[in-house]
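Subject: Structure handover

Hello,

Here is the structure I said I would pass on.

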Amino acid sequence: MEKDLKEYRKSYEKGALLEVDLPENPLELFQSWFHLADESDSVDEANAMNISTVGKDMMPVSRIVLLKSYDKDGFVFFTNYHSQKGKALLENPYCCLSFFWPALEKQVIIHGKATKISNQESEEYFHSRPRGSQLGAIASEQSSSIPSREFLEDKLKGLEQRYHNIEVPKPDNWGGYNVKPLKIEFWQGRSSRLHDRILYSSTSENKWKIERLAP
């Protein structure tokens, strides 16, 4: 190792998260932070989020997906239902989402329960995607073992010919999940590692308990 990671140091000085500024509903704060990230020239793909799942093997797995919408009911992303994450969510629908925007020194962690959105909603989104992405969703049996890159590219070429000038059908095993939040934690970097951590916990419909956590 060329560098000693123990010597890496960064002082967080870009913001504070104080109780006097907290809305009653965490979605309002998420929307405010997401807007800051989305408008920042220093943040690429503000909607990139980590999702962690735990299937029946009890082995946590984390990967990056893209948030495609959010509202009071939850956070929506799309994937292949037969993928590793899809199989894990079938076995255990509870998952964790997280956003980290280093340029803003902000992080959001969401604990929630994933459910499939309607097929109609998935159809509408699928057909709004670029044609190449639609064909890619059919070509890739996500998370399965394949013999080579060429195998995948040849499969895509065949699909391009098959669906030339006709609508690409959404695969039955592809669609969206909505993650309904049960807890949302907002982290704001502060100096001396005394970071601000505010946790919202759902107590009932549109009611949230707010507490500060030690950093």
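**Cores**

The largest nonpolar core has 32 residues, and Phe30, Phe77, Phe99, Trp101, Val108 and Phe186 have the most contacts inside it. A nonpolar core here is a set of buried Ala, Val, Leu, Ile, Met, Phe, Trp, Tyr and Cys residues joined through side-chain atoms within 4.5 Å. Buried means under 20% relative accessible area, exposed over 50%, and partly exposed in between (1.4 Å probe, protein chains only). At least two residues of this core come from each of α1 (26–39), β1 (48–54), β4 (74–80), β5 (94–101), β6 (106–116), β7 (174–188) and β8 (196–204). The most come from α1, which gives five. Helices (H or I, at least four residues) and strands (E, at least two) are DSSP runs, numbered from the N terminus.

Leaving aside residues up to four places away in sequence, Phe99 touches Phe30, Ala46, Asn47, Ala48, Met49, Leu67, Lys106, Gln107, Val108 and Ile110. A contact means heavy atoms within 4.5 Å. There is also a second, separate core of 11 residues, with Ile117, Leu135, Ala137 and Ala139 among them.

**Source of the model**

This is a predicted model, in which local features need pLDDT of at least 70 and side-chain atom pairs count only at pLDDT 80 or more, while totals for chains, interfaces and linings use all residues. Residues are numbered from 1 along each chain as its sequence is written, and side-chain values use heavy atoms, with hydrogens and water left out.

**The whole chain**

The protein chain has five helices and nine strands, in the order α-β-β-β-β-α-β-β-α-α-α-β-β-β along the sequence. Its C-alpha trace spans about 60 × 50 × 40 Å along the principal axes. Of the 215 residues, 37% are buried.

Gln134 sits in helix α4 (residues 131–139). Is Gln134 buried or exposed? Gln134 is buried, with a relative accessible area of 7%. A polar atom of the Gln134 side chain lies 2.9 Å from the backbone oxygen of Arg129. This is a polar contact, meaning a pair of N or O atoms within 3.5 Å; within protein, one must be able to donate a hydrogen and the other to accept it, and residues adjacent in sequence count only if both atoms are side-chain atoms.

Regards
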